[in-house]
Structure formats: structure tokens, C-alpha cells
Amino acid sequence: MTDPTHLPRNAGLPFDPAVVEAVRVNTPATIRRAGGIAARRSLKKDWQTAWLARAISVIDLTTLAGDDTPSRVRRLCAKALAPVRGDILDAIGLPDLTVGAVCVYHEMVPVAVEALQGQLPVAAVSTGFPAGLSPFAQRLQEIEASVAAGATEIDIVISRRHVLTGDWAALYDETARMRAACGDAHMKAILATGELGPLKNVMKASFVAMMAGADFIKTSTGKESVNATLPVSLTMMRAIRGYEAMSGFKVGYKPAGGVSKAKDAVTYLALLKDELGDRWLRPDLFRFGASSLLGDIERQLEHAVTGRYSAAYRHAVG
């Protein structure tokens, strides 16, 4: 019997311009639906604790700062393996809880690989992150170098100009070649949705990235002025659902940037459950790209156990 927990990797599809041109998005309805999800979700006590623990398990704990150092990355990795105080985890019955992965720049991949010792995946941002405007051959070399250094996940950046000019074939070709460069490492395609214009462009870019073999589609680099939003997330989730109907492959989703509060994380998870189902509530199909989110969730869990809120500075990540 096939193991339902082990999913076949997205093999992609041949580029079909008819699929892209058929995309339609009802923007007012999308905004209205996304706006209503938080209003009708109210979780209390044990249910809230369970959802917050699930949110921790799907975090890509991230540091992408110009002043990153090996010691900072080692601290981040230690936090990834022990994201919440041991007594709190024991009290909620999840002593072995970890985040989903650690995400760093290429230069810090060997440090993270050594610190984690295979206990969690290491993701590397690549391809001229965050702008994605370095020479294409160099972008492919970056991917190959990160995989060689031990990264098992690669967060690539698409060329936004192909979306803005409607050159979908060029976007497909570039993304497919980056997927090939990843080899066995899973590829998350960052769409930088805040720079793509209308939701229809977001939907089209999502389909093209998945047809080109993306294992995940991701909203943002976290460096844009507008990052993850609920309307964009709803649009991308529906693209994932449509692609599964076409291809039979399940593709993951990663909102990044702008999700920093525990209550927001629960809202995103509720939307995910409603649109794609329970199977997506696992780290192989969903991640939060976040750094500060973990600290706020840790405060909420401590309050659930002790009845007291602690100061935010007591929950530093890096």
C-alpha cells in the first residue's frame, strides 16, 4: 500500500499558454472572502494551543541580514531545535516540537548544516536574492553551490519582469532550468507578489511556476514593501488546488514576510485548512517564512500554561 504521508514530487507539466490565458480572478470576491476568515475563527484554550504548536512546526526559521555571523546562525539553529522552553512543551504534551526548517544565505549554509546535524532541513535563498537580477548563469551556479554545501531546499526568485511583460514562456523556461539545477533539493519559487500587480498576475505566475516543477510557491522575499497578504494567499492556494486537479501533484505553499503575530498565523492556517484541506497542515506542504513570529507564539504558549505574559525580549530568536 502506498504511504499517504509520502507524496510524489511535483514533476511539472509541459508549458501550455492556454492554461495561463484561461486564468480568471474575481478580485472583489477574493478580498471579501479573505477578509472574512479571521472574523469567523475564534479559538480558545486547548484548541488555540494546538494550532499555535502546529504553526511552530511549519516555520522556516529565517535570518537574512547583512550582518549575519556564524554565531548568530548557530543560535538560530539551537532555537529551531528547541523553539519553546522545555517545561512549556512538557506541559502541552509536545516535548519534541521543532520548527520546520532553517533558512539562511548561501554563505551560512555550511554553518547551519553543521549545527543541525541532519535534524532539520536547511534552506538557502538563491538566484540573486532578493531582486533576482544577477546573470542567469550565475543564478544557476548559486543553486548548485548551495546544494553542494548541504542545502536540501532552495528558495529561488523568479524574474518579475517576465510576469509584468506577459512573457510566460520565458518565465517557464527559467524556472524549469532552476528546478533542474536544484537536483534532489526541493525548490520554493518566490513570486514577489507585492511587485506583480493584480491578483490575476499572481495566479498566472503561480501556475507557470508549478508547471515548471516548483515544489512550493512562496509569496515574497520579505524585502518588498508589500509581502504576504490574505487575498494573495487565497489566490495562490486556489492556484495550487487547480494545479492538483490538472496534474495530480500536490504543491506546497509558503507565505513570507508580514506574518509576525500568533493570531495572524492561526488565520493563515485556518484559510489553508478551508481551501486545501488537512493534508497541507504539515511541513512538507506548508511553511511560514518568519523570524519574529516564533517569539510571539512562544509568549502565547507561556500564557496558556502559566496564565502570565512574559516580556517579548525574553524570547529572542537570534
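Which residue just after helix 13 takes a positive phi? Gly 307 does, at about 80°. This is a predicted model, so local features need pLDDT of at least 70 and side-chain atom pairs count only at pLDDT 80 or more, while totals for chains, interfaces and linings use all residues. Residues are numbered from 1 along each chain as its sequence is written, and side-chain values use heavy atoms, with hydrogens and water left out.

**View 1. Zoom in on strand 2 and strand 3.** Strand 2 (residues 101-105) and strand 3 (residues 122-125) pair in the parallel sense over four bridges. Here Val 104 stands opposite Ala 124 in strand 3.

View 2. Buried here (under 20% relative accessible area, 1.4 Å probe, protein chains only) are Val 73, Leu 76, Cys 77, Lys 79 and Ala 80. These buried residues fall within an arc of 160° seen down the axis of helix 4, so they line one face (the arc is that of the directions from the helix axis to the C-beta atoms). They pack against strand 1, strand 2, helix 6 (109-116) and helix 13, with contact meaning heavy atoms within 4.5 Å.

**View 3. Helix 13 and its span.** The 14 residues of helix 13 (residues 293-306) should span 20 Å at 1.5 Å a residue, and the end C-alpha atoms are 20 Å apart, which agrees (the expected span is 1.5 Å times one less than the number of residues). Its buried residues pack against several elements, including helix 3 (45-57), helix 12 (262-276) and strand 8.

**View 4. Ile 297 in the largest nonpolar core.** Of the 95 residues in this core, Ile 59, Phe 288 and Ile 297 touch the most other members (a nonpolar core is a set of buried Ala, Val, Leu, Ile, Met, Phe, Trp, Tyr and Cys residues joined through side-chain atoms within 4.5 Å). Leaving aside neighbours within four places in sequence, Ile 297 is in contact with Leu 52, Ala 55, Ile 56, Ile 59 and Ala 262.

Methods
Buried means under 20% relative accessible area, exposed over 50%, partly exposed in between (1.4 Å probe, protein chains only). Two strands pair if DSSP finds at least two bridges between them. Helices (H or I, at least four residues) and strands (E, at least two) are DSSP runs, numbered from the N terminus.
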